[in-house]
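Good morning. Please have the model open on your screen, and I will go through some of its residues one at a time.

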Amino acid sequence: YEGFIPNIEIKSLIDLGAHHGFFSVWLQSLLKKVKLKTLLVEPSARCAPILTQLLQKKEYKGNFVYFNKCIGNPEEDEIQFFDRPHMASSNVKTDAGELAERVSVLTERDIFQWQNPPYDLLKCDIEGAEFLLLKHYSEVLLNTKFVILEWHDQKSANSLINEFKNLNFSIIKDSSLT
């Protein structure tokens, strides 16, 4: 993510697809003078013990909050989630042998209760749920200054970019163009 961090004062971060919190810890290490208010959202049960331990470390305690939830349709309480042994767990099944687990759906209300907007930065690495984010979390996005979004499906890139532009976001940097 180096080179994608906006040149602004960052005080709040929503880390969607936090995995073990690497991005949040890295960003906090760059912002030595700021105690970054961070919401880590990660549906993987395998990541829960490490994220729980992370929240107990003195440098993050009280500033990092963790939700074991998933991006999805908030009209559903839970959705299927495929927790893989590597970092690309998803709500999309990619192999016949994968077993689904049920994970609670994150709501905009969850985020607004964590901290009132505006939010400075939202990092999104949610392995295929990007359009669900755009469809069901537009109020959060509209209250966020900058978004760093990772996606891999180049076929849907233009649609995704257009959806962000419809929310009045400008694309400042695109790694596919660099």
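I start with N168, which sits in the segment after α6. Keep in mind that this is a predicted model. Is N168 buried or exposed? N168 has a relative accessible area of 71%, and the cut-off for exposed is over 50%, so N168 counts as exposed. N168 also has a positive phi of about 70 degrees, although it is not a glycine. Most residues other than glycine have a negative phi.

A second residue of this kind is H19. H19 is not a glycine either, and its phi is positive, at about 50 degrees. Where is H19? H19 lies in the loop between β1 and α1. With a relative accessible area of 10%, H19 is buried.

Next, a peptide bond. Most peptide bonds are trans. The bond from P117 to P118 is cis, with omega near 10 degrees. P118 belongs to the loop between α3, residues 108-114, and β6, residues 119-124.

P118 comes up again with S12. S12 is in strand β1, which covers residues 12-16. Its relative accessible area is 2%, so S12 is buried. Which residues does S12 touch, leaving out those up to four places away in sequence? They are L36, K37, Q115, P118, Y119, D120 and L121. For D120 there is a further detail: the side chain of S12 reaches the backbone nitrogen of D120 at 2.9 Å.

Now helix α2, residues 48-56. Its buried residues are A48, L51, L54 and L55.

Strand β3 holds F67. Not counting residues up to four places away in sequence, F67 touches L39, L40, V41, E42, L106, D110 and W114. Take D110 from that list. F67 and D110 are 43 residues apart along the chain, and their C-alpha atoms are separated by 8.9 Å.

For another pair, consider S156 and S44. These two are 112 residues apart along the chain, with 25 Å between their C-alpha atoms. S156 is found in the loop between β7 and α6.

The last topic is empty space. Rolling a probe the size of a water molecule over the atoms shows where empty space is left. The largest pocket here has a volume of about 690 Å³. Of the 25 residues that line this pocket, the closest to its centre are F4, V147, I148, L149 and K173. Which elements give two or more residues to the lining? They are β7, residues 144-149, and α6, residues 157-166. The largest share comes from β7, with 5 residues. What is the lining made of, by class? There are 16 nonpolar, 5 polar and 4 charged residues.

To end where I began: N168, in the segment after α6, is exposed, and α6 is one of the elements that give two or more residues to the lining of the largest pocket. That is all I have.

Methods: Residues numbered from 1 in each chain as written. Predicted model: local features only at pLDDT ≥ 70, side-chain atom pairs only at ≥ 80, totals over all residues. Heavy atoms only, no water. 1 Å grid on protein atoms, 1.4 Å probe; cavity = no way out; pocket = protein on both sides within 12 Å on 5 of 7 lines; lining within 4 Å. Points joined across faces, edges and corners; volume = space filled by probe spheres on them. Helix = DSSP H or I, 4+ residues; strand = E, 2+ residues; numbered from the N terminus. Nonpolar A, V, L, I, M, F, W, Y, C, P; charged D, E, K, R; others polar. Buried < 20%, exposed > 50% of the residue type's maximum accessible area, 1.4 Å probe, protein only. Polar contact = N/O pair within 3.5 Å; in protein donor to acceptor, adjacent residues only side chain to side chain. Contact = heavy atoms within 4.5 Å.
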